[in-house]
Amino acid sequence: MPPRREKFGFGTRAVHAGEEPNLKATGDVVSPIHMSATFARRDVDRPTGGLEYSRTGNPTRIALEARLASLECAKHALAFSSGMAAETTLMLSVLSKGSHVVAGDDLYGGTVRLFEKTLRKFDVNITYVDTRRPSAVRNAIKGTTKMVWLESPSNPLMHVCDIRAISKVASEAGAMTVVDNTFASPYIQNPLELGATVAVHSTTKYIGGHSDVVGGALMLSDPELFEAVKFNQNAVGAVPSPFDCFLVLRGSKTLHLRMQRHSENAAVVAEFLSVHPKFSGVHYPGLKVHPQYALARRQMRLPGGMLSAELKGGFQQVRKLFGRLRIFSVAESLGGVESLVENPATMTHASVPRERREKIGIGDGLIRFSVGVEDPSDLVADLRSALA
Ligand SMILES: Cc1ncc(COP(=O)(O)O)c(C=O)c1O
């Protein structure tokens, strides 16, 4: 990985960026939650302190956006009310009638739903390819391609894609590369440092980290693109509340600590499952048998807290196992301190048509694990007894 460009280390930026105490005023060490919807003016034609109305800008959101930009080594960040709001606002800013998108074939189901059910209505065309192969991306690009959209690691199959190679292919064709970096988090991987144009996050996940807030963000450095997306952040208005900005700011302070523990725990769970006779395949970039293990070592600082594994016997066995777990909760979402399991075929990816799911390898018995920061021995004991 290239060295981080910023002066301070990740942990220091996670704790301080965007929240330096204002010693000329009250000296708060934590950015106050500015609940004001509007801002009074001293002069009629000039907003006092630059702020007009909280959809357009709010001090707590400004603090959060500064933190998020710093963590992704980006010049700018824009915060949204959800990951989907961030995605929609970016797509509205970049795509128009007749635009073409090359997208990974293993994406979060909600992103596929947005492409298929919403964008296609506006004559946006999408081609899904296996983004593990940069040549597949190159072959799918046409004159109208505006955007290459990928996840790495992908959801739920944990495919690792070469962000540097794909960004090069896209930029040679005049298209931007968007990486949904939710699974890795900015502590583990910085797509902009690898050549991508935009990093997308559901801050609901690792950045927030405590399953108590829904939020999203875009991090980018291109000044024109920033102005276009910022315009639509205000025009569309899918912004987070000041209280939600505070929760994401608070969660993000421990991102570096949590990601280390998530990765350690996920490695223990992956090793356990990979030798368990009831599982037929474990997808985790930290396992040497992962097909892109070498690429993951190059591109990611740690293998992360997410993994998936195929339980033999399909959905009936999944139902039985889920009913017996005591520490892992059966729930959608990921990236919080608590361990979760879910069945993509019936939960997060239920909106993906069965034939597409089967084609790419999302079987009915696939289980996705978001491994939390509990004691690893308790997590393994929970799985062992539920599988017995
Ligand atoms: C990888 C990924 N991207 C985007 C989203 C959408 O984020 P949100 O639920 O905050 O709208 C999710 C949600 O699960 C996700 O897993």
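Modeller: Let us start with D123, which sits in the loop between α4 (109–118) and β3 (125–129); please keep in mind throughout that this is a predicted model.

Colleague: Why is D123 called partly exposed?

Modeller: The relative accessibility of D123 is 40%. Buried needs a value under 20% and exposed a value over 50%, so D123, at 40%, counts as partly exposed.

Colleague: What makes the phi of D123 worth a remark?

Modeller: Phi of D123 is near 60°, which is a positive value in a residue other than glycine. Most residues other than glycine have a negative phi. S185 also has a positive phi, near 80°, and is likewise not a glycine; S185 is placed in the loop between β5 (176–180) and β6 (198–202).

Colleague: Is S185 buried or exposed, and how do you know?

Modeller: S185 has a relative accessible area of 0%, and because buried means under 20%, S185 is called buried.

Colleague: Which peptide bonds are called cis, and what are their omega values?

Modeller: The bond from S152 to P153 is cis, with omega near -5°, and a cis bond also joins N155 and P156, where omega is about 10°. P153 lies in the loop between β4 and α6, and P156 is placed in the loop between β4 and α6 as well. As background, most peptide bonds are trans.

Colleague: Why is the pair D162 and R298 called a salt bridge?

Modeller: The closest N and O atoms of D162 and R298 are 3.9 Å apart, and since the cut-off is within 4 Å, the pair is counted as a salt bridge. D162 belongs to the loop between β4 (145–151) and α6 (163–172), while R298 belongs to helix α10 (residues 293–299), so the pair ties together parts that are 136 residues apart in sequence. R298 itself has 52% relative accessibility and counts as exposed, because the limit is over 50%.

Colleague: What makes R368 and E342 a salt bridge, and are these residues buried or exposed?

Modeller: Their closest N and O atoms are 3.3 Å apart, which is within 4 Å, so the pair meets the definition. The pair links distant parts of the chain, with R368 in strand β12 (residues 366–370) and E342 in strand β11 (residues 340–342), 26 residues apart. R368 has a relative accessible area of 2% and E342 has 1%; because both values are under 20%, both residues are called buried. The side chain of E342 is also joined to that of T348 by a polar contact of 2.7 Å.

Colleague: How do you know that the length of helix α9 agrees with what a helix should span?

Modeller: At 1.5 Å a residue, the 20 residues of α9 (residues 255–274) should span 28 Å, and the end C-alpha atoms are 27 Å apart, which agrees. Among the buried residues of α9 are L255, M259 and F272; F272 has a relative accessible area of 12%, so F272 is under the 20% limit.

Colleague: Which residues come nearest to the ligand?

Modeller: Of the 13 residues around the ligand, G83, D180, S202, T204 and K205 come nearest. A backbone N or O atom of G83 lies 2.9 Å from a ligand oxygen, and a polar side-chain atom of D180 lies 2.6 Å from a ligand nitrogen. The protein covers 91% of the 390 Å² of accessible area that the ligand has on its own.

Colleague: Which helix gives the most to the shell around the ligand?

Modeller: Helix α3 (residues 83–94) does, with 3 residues; by class, the shell has 3 nonpolar, 7 polar and 3 charged residues.

Definitions and conventions: Residues are numbered from 1 along each chain as its sequence is written. This is a predicted model: local features need pLDDT of at least 70, side-chain atom pairs count only at pLDDT 80 or more; totals for chains, interfaces and linings use all residues. Side-chain values use heavy atoms; hydrogens and water are left out. A salt bridge is a side-chain nitrogen of Lys or Arg within 4 Å of a carboxyl oxygen of Asp or Glu. Helices (H or I, at least four residues) and strands (E, at least two) are DSSP runs, numbered from the N terminus. Buried means under 20% relative accessible area, exposed over 50%, partly exposed in between (1.4 Å probe, protein chains only). A residue is near a molecule or strand if one of its heavy atoms lies within 4 Å of it. A polar contact is a pair of N or O atoms within 3.5 Å; within protein, one must be able to donate a hydrogen and the other to accept it, and residues adjacent in sequence count only if both atoms are side-chain atoms. Accessible areas come from the Shrake-Rupley method with a 1.4 Å probe; for residues, only the protein chains shown count as cover. Ala, Val, Leu, Ile, Met, Phe, Trp, Tyr, Cys and Pro count as nonpolar, Asp, Glu, Lys and Arg as charged, and the others, Gly among them, as polar. The expected span of a helix is 1.5 Å times one less than its number of residues.
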